[in-house]
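Okay, thanks for making time, everyone. Have a look at the model on the screen and I'll talk you through a few side-chain features.

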Amino acid sequence: MQFTWQHQGQSIAMKRFLTTHAISMRTIKAIKHGSGTFVVNGQVRTGVITIHDGDIAGVQLPDEAPDTAVASSARPVQVEYEDANWLVINKPAGLTSVPGPSNRTDTLVNRIKGYLIATQATNQRPHLITRLDRDTSGLVLVAKHRVAQGMLTEPRIAAQLVKTYQAWIEGTIIPAGGTIDQPIGRMSDSPRRTVMATGQRAITKYQVEVTDLQHRVSRLRLELVTGRTHQIRVHLTALGHPLLGDALYGGSQDWIQRQALHAATLQFFDPFTEKILHFEAALPADLQALNRR
């Protein structure tokens with residue numbers, strides 16, 4: 001695979017040219033160690049490289065073969081968007097994002113690998129940019145190669161990744177909108193996380209959208225500013241309003257049998273097209289039912 005751009009302006013070093021186009025230092029170092037080449041005007045270049053006005057320069061990298069340590073699953077994935085660089089997947093509740101000790105053969109990563117192989121994709125090693133808990137439904141962003149993955153770690157691009165969620169709780173939160181800024185850490189010998197002074201900083205924005213006074217249930221819209229494990233679940237529990245159905249954090253099982261949380265929208269800056277891409281995922285049937293109660 002090859003990525004090139006035309007330079008306009010004063011002459012600059014290749015490294016600066018590439019970092020300006022969000023190519024990560026990790027990728028640049030890998031090329032210097034033999035995993036790819038630098039190209040200028042269609043020619044492979046080595047040593048000290050200077051890019052001049054009008055030059056077309058960039059990198060060539062080998063295509064990414066499937067990871068032999070990861071099993072391939074033929075079960076389907078719901079693709080919301082795909083191009084040469086990105087996949088946006090609508091993950092169902094009940095599906096783990098990545099392989100682990102309890103499931104190494106049928107996670108979202110296993111299914112995406114199977115999809116890439118079946119569609120004869122150029123690169124067949126998926127890179128998850130966002131992840132969801134097993135019982136959270138909704139949108140997941142996947143980079144189709146390591147260059148795209150590296151680009152989204154560049155701070156000015158990473159800051160433009162915006163994820164919003166729909167959630168349901170018992171009661172309501174006062175005030176109806178605000179920011180939760182409380183550190184989260186792991187409880188010893190437990191999968192649970194909790195708010196603790198020694199934890200990592202975690203920030204969640206929330207807005208109460210609807211409160212059903214008869215049933216004492218509210219629907220919230222939330223935006224993650226940081227991305228800690230179980231962040232929304234922990235922050236809402238700390239406020240005394242765990243998600244409906246969230247057995248791990250004490251949420252009521254009367255309404256639904258999994259945490260009532262859905263990754264509803266995803267927006268990010270695509271450095272290849274230099275456009276903002278925005279996606280929305282409709283609510284699955286069990287969460288639609290909560291809206292009808």
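This is a predicted model: local features need pLDDT of at least 70, side-chain atom pairs count only at pLDDT 80 or more; totals for chains, interfaces and linings use all residues.

Let me start with a definition: by salt bridge I mean a side-chain nitrogen of Lys or Arg within 4 Å of a carboxyl oxygen of Asp or Glu. With that in hand, R75, D106 and R111 are linked in a network of salt bridges.

Residues are numbered from 1 along each chain as its sequence is written, and side-chain values use heavy atoms, with hydrogens and water left out.

Back to the charges. Side chains of opposite charge can pair when their charged atoms come close. How many salt bridges does the structure hold? There are 11. One of them is D106 with R75, where the closest N and O atoms are 3.2 Å apart. That pair links distant parts of the chain: D106 is in the loop between strand 8 (86–91) and helix 3 (108–118), R75 is in the loop between strand 6 and strand 7, and they are 31 residues apart. When I say helix or strand, I mean DSSP runs numbered from the N terminus, H or I with at least four residues for helices and E with at least two for strands.

Is D106 buried or exposed? It counts as buried, at 17% relative accessibility. The cut-offs here are under 20% relative accessible area for buried, over 50% for exposed and partly exposed in between, with a 1.4 Å probe and protein chains only.

Next, R146 and E64 form a salt bridge, with 3.5 Å between the closest N and O atoms. Here R146 sits in helix 4 (residues 146–151) and E64 in the loop between strand 6 (56–60) and strand 7 (79–82), 82 residues apart. R146 is partly exposed because its relative accessibility is 25%, whereas E64, at 7%, counts as buried.

Then there's R219 with E209, again a salt bridge, closest N and O atoms 3.2 Å apart. R219 belongs to strand 16 (residues 217–224) and E209 to strand 15 (residues 203–212), 10 residues apart. E209 counts as partly exposed, at 36% relative accessibility.

On to the rings. Searching the whole structure gives 5 aromatic pairs. The rule is that rings of Phe, Tyr and Trp (its six-membered ring) pair if their centres lie within 6.5 Å, and planes under 30 degrees apart are stacked, over 60 edge-to-face and the rest tilted. F268 and F279 make a stacked pair, 6.5 Å centre to centre with 25° between the planes. F268 lies in strand 17 (residues 261–270) and F279 in strand 18 (residues 275–280), so this pair ties together parts 11 residues apart in sequence. Both F268 and F279 are buried. Ring pairs also join F3, Y81, W86, F268, F272 and F279 into a cluster.

What about nonpolar cores? I'm using buried Ala, Val, Leu, Ile, Met, Phe, Trp, Tyr and Cys residues joined through side-chain atoms within 4.5 Å. The largest nonpolar core has 34 residues, and M14, F17, L18, F38 and I51 touch the most other members. A second, separate core of 29 residues includes L87, V109, L220 and A263. If we count contact as heavy atoms within 4.5 Å, and leave aside neighbours within four places in sequence, L18 is in contact with W5, I23, I28, F38, G58 and V59.

Most residues other than glycine have a negative phi, and most peptide bonds are trans. Where is the cis peptide bond? It joins I174 and P175, with omega about 0°, and P175 lies in the loop between strand 11 and strand 12 (177–181).

N41 has a positive phi, near 50°, and its place is in the loop between strand 3 (37–40) and strand 4 (43–45). N41 is partly exposed, with a relative accessible area of 45%. D189 also has a positive phi, near 55°, and lies in the loop between strand 13 (184–186) and strand 14 (193–195). D189 is exposed, at 83% relative accessible area.
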